[in-house]
Structure formats: structure tokens, C-alpha cells
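Here is a short walk through one protein model.

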Amino acid sequence: MTLVTARERSARGAPRAEGDRRPSDRGAWFLVLPALVPILVLSVGPLLYGILLAFTDAQSGRTRATQWIGGLNFQDLLHDTLFWESFRIGLVWAVGVTVPQFLLALGLALLLDQDLKLRWLARALAIIPWAMPEVVVGVMWRLVYNPDAGVLNETLRGLGLGDGRDWLSGLSTALPAVIVVGVWAGMPQTTVTLLAGLQNTPRELHEAAAMDGAGAWRRFRTVTWPALRPVALAITALNFIWNFNSFALVYVLTSGGPGGRTRLPMLFAYEEAFRYGQFGYAAAMGCVMVAVVSLILALFLVGRLRGGDGA
């Protein structure tokens with residue numbers, strides 16, 4: 001029986017023995033560790049600590065030790081109508097921002113994908129809101145919505161459409177006004193993602209469809225959308241999660257007012273933790289939000305697998 005080296009077995013296509021795989025596996029783990037450690041320390045660790053905190057009566061400024069209270073925080077949360085109202089507002093906000101954000105971004109991406117003059121400049125201008133910090137965006141739009149000297153009210157007065165109004169303080173206008181800002185701020189990221197998907201669509205398919213007499217709408221429906229669908233589903237799911245967990249933008253614009261009309265779940269949890277010092281109760285809110293986001297993500301993944309986009 002002749003002896004065959006590992007290199008010869010590999011060249012012949014023979015499977016490697018278990019002992020041959022271990023060194024490469026250890027090397028792969030060694031390469032992954034630098035990226036894995038920060039995730040464990042900065043993401044998984046705080047998440048586990050927050051879950052643990054949700055089962056305690058932790059409060060700020062306490063002189064006695066924190067006590068384990070089991071599911072009492074979650075029991076109180078079930079009967080907290082203010083939290084569930086903020087949850088409803090959060091869902092309205094997330095859907096109200098995500099849907100128009102995607103539709104407008106899709107239209108802009110289709111436009112920027114055309115062979116237009118100064119296309120590079122239009123693409124650069126389209127991503128400016130994405131480059132601005134949320135705090136800066138919030139301050140800028142507070143000036144736009146200013147009831148006395150804001151650009152919006154001044155424009156309405158100039159057009160003879162009334163004396164303007166306090167958009168961020170009105171009970172019926174605060175949430176729609178904030179949704180408009182959310183759409184404006186998040187649209188560039190969606191646009192860039194969809195534009196990348198469009199540019200990966202083979203041009204030959206469009207040319208073949210055009211030669212067959214397909215119009216613009218038919219080419220979009222039969223060529224563009226099937227190729228863009230996986231990217232569109234992914235960015236829509238991510239946008240919904242990001243929007244549902246929004247904090248800084250709405251906090252700068254309204255701080256949850258007026259009358260709690262824009263108090264998103266994240267704002268509610270922040271107030272419970274840092275205004276009222278109820279760390280355990282706020283952690284329970286965070287656990288509920290994580291569970292909801294995880295459920296939405298799971299449904300999205302199941303939908304992709306069933307739709308044949310799991311590859």
C-alpha cells in the first residue's frame with residue numbers, strides 16, 4: 001500500500017482527514033477573533049446585562065442592594081397603557097417613514113441610474129442628508145418648522161395660504177411633521193442601496209426586452225424588479241428596524257411631545273431610565289422591543305426563504 005501525502009490527496013480531490021482540517025479551522029477562528037471580540041463586548045454583553053437587569057428592581061440613587069423580582073416588571077408593563085400607546089406610535093412612525101422612504105428612494109434611484117448630464121453631481125447631492133448627524137438634521141428642521149420665522153411658514157404666507165402654524169407643537173401635526181423629517185433623512189441610504197442593485201442588473205436583459213417591444217413599465221416589472229427584489233426586501237426590513245428604534249432625531253425635534261404624540265418606545269424607555277431612575281423597568285421595555293424587532297426580522301427571513309430569495 002503506497003503512502004499518499006495530504007497535498008496529493010487534495011490534488012486528486014480526495015476528502016481530507018479530520019486531523020488535516022483542524023489547523024485551518026484554528027487559523028480561521030484566529031482571524032475572526034479580532035472582529036468577534038468587540039461584538040461580544042459591545043453588543044452581546046450589554047444585551048445580556050440588560051436582560052438580567054429587567055428581572056430586578058434596579059433604580060438610581062438606591063442605598064440598598066438591587067433585588068431580584070422575577071417577571072414583576074413585565075407584569076407591570078402589560079398594564080402600562082402609556083407604554084403600549086408609545087408602542088402604537090412607534091409602529092405608525094416606522095411604517096409612515098419606511099414606506100414613503102422606499103418609494104421615493106426607488107424613484108430617485110431609477111432616475112440616477114439613467115445616463116443624464118451631471119449625474120455625478122446629482123448623486124453627490126442625493127447623499128448629503130445621509131452625511132449629516134441626526135442632531136444637526138433635527139436642529140435644521142426645527143428652524144424650518146419655526147412658527148415665527150421658519151422657511152415653511154414664510155413660504156405659506158408668501159403664497160397666501162394662511163399665517164402658518166406651529167407644526168411641531170400641534171397635536172395633529174407633530175407626528176406627520178416628524179415623519180417628513182424621517183423620510184428626508186433616511187432616503188439617501190435607501191437610494192444608494194437600490195442604485196447599487198440597479199447597477200448590478202445586466203444591461204443585456206433590458207436591451208433584449210426593449211428589442212421585444214417591451215415598454216418602460218413592462219421592463220421594470222419583468223426585468224428590473226425581479227433583480228432588485230432581494231435588495232429591496234433587505235433594505236426595507238432594515239429601515240423598519242432602524243426607524244422603530246429611532247431616538248436622536250425625534251428627541252431633538254419634539255422630545256416626545258406634544259402630549260406624548262411623538263413619544264416613541266425608545267423615548268419612553270429613556271425617560272423611565274434617566275428621568276425617573278427606573279432602570280429595571282426601562283430594561284424590561286428594552287427586552288420587549290428587542291423581542292418585537294427579532295420577531296419582525298424572523299418573519300422577514302422566513303418570507304425570503306419561502307419566496308425563493310434565501311440564496
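Predicted model: local features only at pLDDT ≥ 70, side-chain atom pairs only at ≥ 80, totals over all residues.

A salt bridge would need a side-chain nitrogen of Lys or Arg within 4 Å of a carboxyl oxygen.

Where does Asp-80 sit? It is in the loop between helix 3 (72–78) and helix 4 (81–112). What does its side chain reach? The Asp-80 side chain comes to 3.2 Å from the backbone nitrogen of Leu-82. Leaving aside residues up to four places away in sequence, Asp-80 touches Phe-268, Tyr-281 and Met-285.

Turn next to Ala-273. This residue belongs to helix 13 (residues 265–275). Ala-273 has a relative accessible area of 9%, under the 20% cut-off, and therefore counts as buried. Its contacts, again not counting residues up to four places away in sequence, are Gln-278, Phe-279 and Ala-282. Ala-283 is 10 residues from Ala-273 along the chain, and their C-alpha atoms are separated by 8.1 Å.

Now move to the surface. A nonpolar patch there has about 940 Å² of accessible area together. Its members include Leu-33, Val-37, Ile-39, Leu-47, Ile-51 and Val-290. Which helix gives the largest share? Helix 2 (residues 18–53) does, with 10 residues. Leu-33 is found in helix 2. Is Leu-33 buried or partly exposed? Its relative accessible area is 41%, so Leu-33 is partly exposed.

Technical notes
Residues numbered from 1 in each chain as written. Heavy atoms only, no water. Helix = DSSP H or I, 4+ residues; strand = E, 2+ residues; numbered from the N terminus. Polar contact = N/O pair within 3.5 Å; in protein donor to acceptor, adjacent residues only side chain to side chain. Contact = heavy atoms within 4.5 Å. Patch = residues over 30% accessible without salt bridge, like charges linked within 9 Å, V, L, I, M, F, W, Y side chains within 5 Å. Areas by Shrake-Rupley, 256 points an atom, 1.4 Å probe, with all protein chains shown as cover. Buried < 20%, exposed > 50% of the residue type's maximum accessible area, 1.4 Å probe, protein only.
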